[in-house]
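Biologist: I'm new to this one. Could you walk me through how to read it?

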Amino acid sequence: MGTGQPAKPEADHDKARIAWQTPEAAVAYRQSREPIRFKRYDREETIISDWLRDLGDGGLVLDIPCGTGRFIRSVTQRGLRYLGADVSCAMIGEARRAGQCPGVAGFLSAEAERIPLADEAVDCVILWRLLHHIREPGVRRAMLREAARVTRHKVLVSFNLPLGFTYLRKLCHRTLSGRSRGAGVVSHWRLKRETQQSGLRMVDTRSFKKYASINWFACLEKTAP
Ligand SMILES: C[S@@+](CC[C@H](N)C(=O)[O-])C[C@H]1O[C@@H](n2cnc3c(N)ncnc32)[C@H](O)[C@@H]1O
């Protein structure tokens, strides 16, 4: 018998799926990511732009999850085409409003674990600010495998590294406040292993500040079958 309460999400990937479903959450996310408020915006955009540099003109980039579409400009300004996808229709709605410009190929409602595109349909997949919400290695691998399947060339990911001052500070804060579970973190070595198991190889990694930053980024390339 139902309790009248919405079911509690069990796994982290369910929590990440549910967190941005409402129009209010989508607007709040867009506002928090406006370049003027989100100080790391420019630095993340520079990293993405560097890694997109060697894609040919007109190349197709899948941004999943696209969230409110903060990479639309970085992709289209380089002469590339942008395809956004997300599980949240509210987030896609915000991205669509931001994405009224030439170069935007469209938006899909899709899960990163099951991308409704043919093999090698795009030149690059951006998988940004999702993996760190996922503690289950099997789900992370499913996402990486799907990205590897649909790309012809690259996959760009962000991840949270546990070897830094920011992580230790957050861990102390969580422990002292009685919250035991934090964000999913993966070491370089673990991510490297998971990417290899998914048909990708890590060719470059960047961060804001080595040994201090929790936020890390990796450029992955598809390995020959
Ligand atoms: C922190 S936001 C990141 C959005 C964007 N990549 C960025 O950097 O701004 C997380 C997004 O992941 C989406 N999401 C959560 N689980 C997902 C899944 N399994 N497949 C696709 N999107 C998912 C959420 O709806 C939300 O828009």
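Biologist: Which backbone atom lies 2.7 Å from a nitrogen atom of the ligand?

Modeller: A polar contact is a pair of N or O atoms within 3.5 Å. Here, a backbone N or O atom of W128 lies 2.7 Å from a ligand nitrogen. The ligand, taken alone, exposes 600 Å², and the protein buries 99% of that; such areas come from the Shrake-Rupley method with a 1.4 Å probe. P65 also brings a backbone N or O atom to 2.7 Å from a nitrogen of the ligand, while E113 has a polar side-chain atom 2.9 Å from a ligand nitrogen.

Modeller: Keep in mind that this is a predicted model, where local features need pLDDT of at least 70, side-chain atom pairs count only at pLDDT 80 or more, and totals for chains, interfaces and linings use all residues. Residues are numbered from 1 along each chain as its sequence is written, and side-chain values use heavy atoms, with hydrogens and water left out.

Biologist: Which residues come nearest to the ligand?

Modeller: A residue is near a molecule if one of its heavy atoms lies within 4 Å of it. There are 21 residues around the ligand, and Y29, P65, R70, D86 and W128 come nearest.

Biologist: And how many disulfides does the structure hold?

Modeller: A disulfide is a covalent bond between the sulfur atoms of two cysteines. The cut-off is a pair of cysteine sulfur atoms within 2.5 Å, and the structure holds 0 disulfides.

Methods. A polar contact is a pair of N or O atoms within 3.5 Å; within protein, one must be able to donate a hydrogen and the other to accept it, and residues adjacent in sequence count only if both atoms are side-chain atoms.
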